[in-house]
Every structure is written in C-alpha cells, then in structure tokens.
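Here's a quick briefing to read with the structure open beside you.

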Amino acid sequence: MICIIMGSESDLKIAEKGVKILKEFGVEFEVRVASAHRTPELVEKIVKTSKAEVFIAIAGLSAHLPGVVASLTTKPVIAVPVEAKLCGLDALLSVVQMPPGIPVASVGIDRGENAVLLALEILALKDKNIEKKLIEYREKMKEKVYASDEKVKEMFK
C-alpha cells in the first residue's frame, strides 16, 4: 500500500503520473490532500492511520510536507518537489536538506512517476510479483527506445 499526500489539489497532475503506474501494477494506494502548514492535524491523522508501507509527499515552495510526514513515521517517505517558484529549486532544496535523523528520499522536480517507481522498488523487496512487474515495465521502456531508434534510422537513410 502506498499513500500519496499532496500539499494542495494543484499538485494533482503530478500525482496522476504515478497513479497511472500504480493502477497498471495493481498496487493498492490512496491519494490525499493535506497541508503541512494549514492542516498539520490532518497530516498527522493521515500518517498515523494509513496502512501504507511507503509515503509519497508532493509539495512545492517551502516543501515542508515531506519532512513533516517523515517526522511522524519510520516508514520510507519519498518527496516530489514541485515547480511552483524558482523553477522548483526552492522545493528541491527544502526536501534534500532534512536535518540528521529524519531522512526523506527525493526524486526530481515534478517526477511523480519516479516517486511511484521508487516506492514500488521498496515494496518489491518483499513482493516478488511487484519485482516481476518492474522488470517487465523496464523491458517495455527498452523496447520503445529500440523502436524509436529503428524509426529514426529509417528516416535518415
């Protein structure tokens, strides 16, 4: 089970990238909206009651949500910094500069799909079915590159 928490509904387009993959993999998930600053009690309730094995926190600007989530659990937390201001560098720097003892993993700016894939890799440590699906997913990506290579080679003959 994976729990995706967005800082606001405006982050939905980033969450949707990952949700598409979760549906493809058939992995149980939940998607919630909670603000680290405006509704900290909701963040705490979600984290404390979720059956998730991995949390994904999507946030822009000061991007405190991933750190707050991490402070409430010992389960893995993956941050997705969002491009809102300063090309997303403000959010990225916020999530990668966590104090010692409260780690948060981070993927690239707006990379909701990579957060989900990393969460699936964590779950695959205990679930061979997910591991098999990840291998198949990567094989499909590889096949797309080979097909693109053939197409481009033909274009320039």
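Asp110 is buried yet makes no salt bridge, and the nearest side chain of opposite charge, Lys17, sits 5.6 Å away. A salt bridge here needs a side-chain nitrogen of Lys or Arg within 4 Å of a carboxyl oxygen of Asp or Glu. Keep in mind that this is a predicted model.

**More on Asp110**

- You'll find Asp110 in the loop that runs between β5 (105–106) and α5 (112–124).
- How buried is Asp110? Its relative accessible area is 18%, and the cut-off for buried is under 20%.
- Leaving aside residues up to four places away in sequence, Asp110 touches Ile14, Lys17, Val80, Pro81, Val82 and Glu83.
- For background, most residues other than glycine have a negative phi.

- Cys87 isn't a glycine either, and has a positive phi of about 60 degrees.
- Cys87 belongs to the loop between β4 (77–82) and α4 (89–96).
- Is Cys87 buried or exposed? Cys87 is exposed, with a relative accessible area of 57%.

**Salt bridges**

- Searching the whole structure turns up 8 salt bridges.
- As a general point, side chains of opposite charge can pair when their charged atoms come close.
- One of the bridges joins Glu121 to Arg138, with the closest N and O atoms 2.7 Å apart.
- Glu121 is in helix α5 and Arg138 is in helix α6 (residues 128–155), so this pair ties together parts that are 17 residues apart in sequence.
- Glu121 is partly exposed, at a relative accessible area of 33%.
- Lys153 and Glu150 also meet in a salt bridge, at 3.0 Å from N to O.
- Both Lys153 and Glu150 lie in helix α6, 3 residues apart, which is about one turn of the helix.
- Lys153 is partly exposed at 44% relative accessible area, and Glu150 is partly exposed at 41%.
- Lys157 and Glu154 form another salt bridge, their closest N and O atoms being 3.1 Å apart.
- In that pair, Lys157 is exposed, with a relative accessible area of 77%, while Glu154 is partly exposed at 47%.

**The whole chain**

- How many helices and strands are there? The chain has 6 helices and 5 strands.
- Reading from the N terminus, the elements go β-α-β-α-β-α-β-α-β-α-α.
- The C-alpha trace spans about 60 × 40 × 30 Å along its principal axes.
- Of the 157 residues in the chain, 39% are buried.
- Among contacts with a separation of 6 or more, 66% come from residues 24 or more positions apart.
- The chain exposes about 9,200 Å², with carbon and sulfur atoms supplying 58% of that area.
- On charge, there are 23 positive and 22 negative side chains, and the centres of the two sets are 1 Å apart.

**What the record says**

- An unreviewed UniProt entry puts the feature "domain: PurE" at residues 1–145.
- Over residues 1–145, the chain is 48% helix and 17% strand, and the end C-alpha atoms are 31 Å apart.

Conventions
Residues numbered from 1 in each chain as written. Predicted model: local features only at pLDDT ≥ 70, side-chain atom pairs only at ≥ 80, totals over all residues. Heavy atoms only, no water. UniProt positions renumbered as here; feature names shortened; annotations may be inferred. Helix = DSSP H or I, 4+ residues; strand = E, 2+ residues; numbered from the N terminus. Buried < 20%, exposed > 50% of the residue type's maximum accessible area, 1.4 Å probe, protein only. Contact = heavy atoms within 4.5 Å. Areas by Shrake-Rupley, 256 points an atom, 1.4 Å probe, with all protein chains shown as cover. Lys, Arg positive; Asp, Glu negative; His and termini not counted. Charge placed at Lys NZ, Arg CZ, Asp CG, Glu CD.
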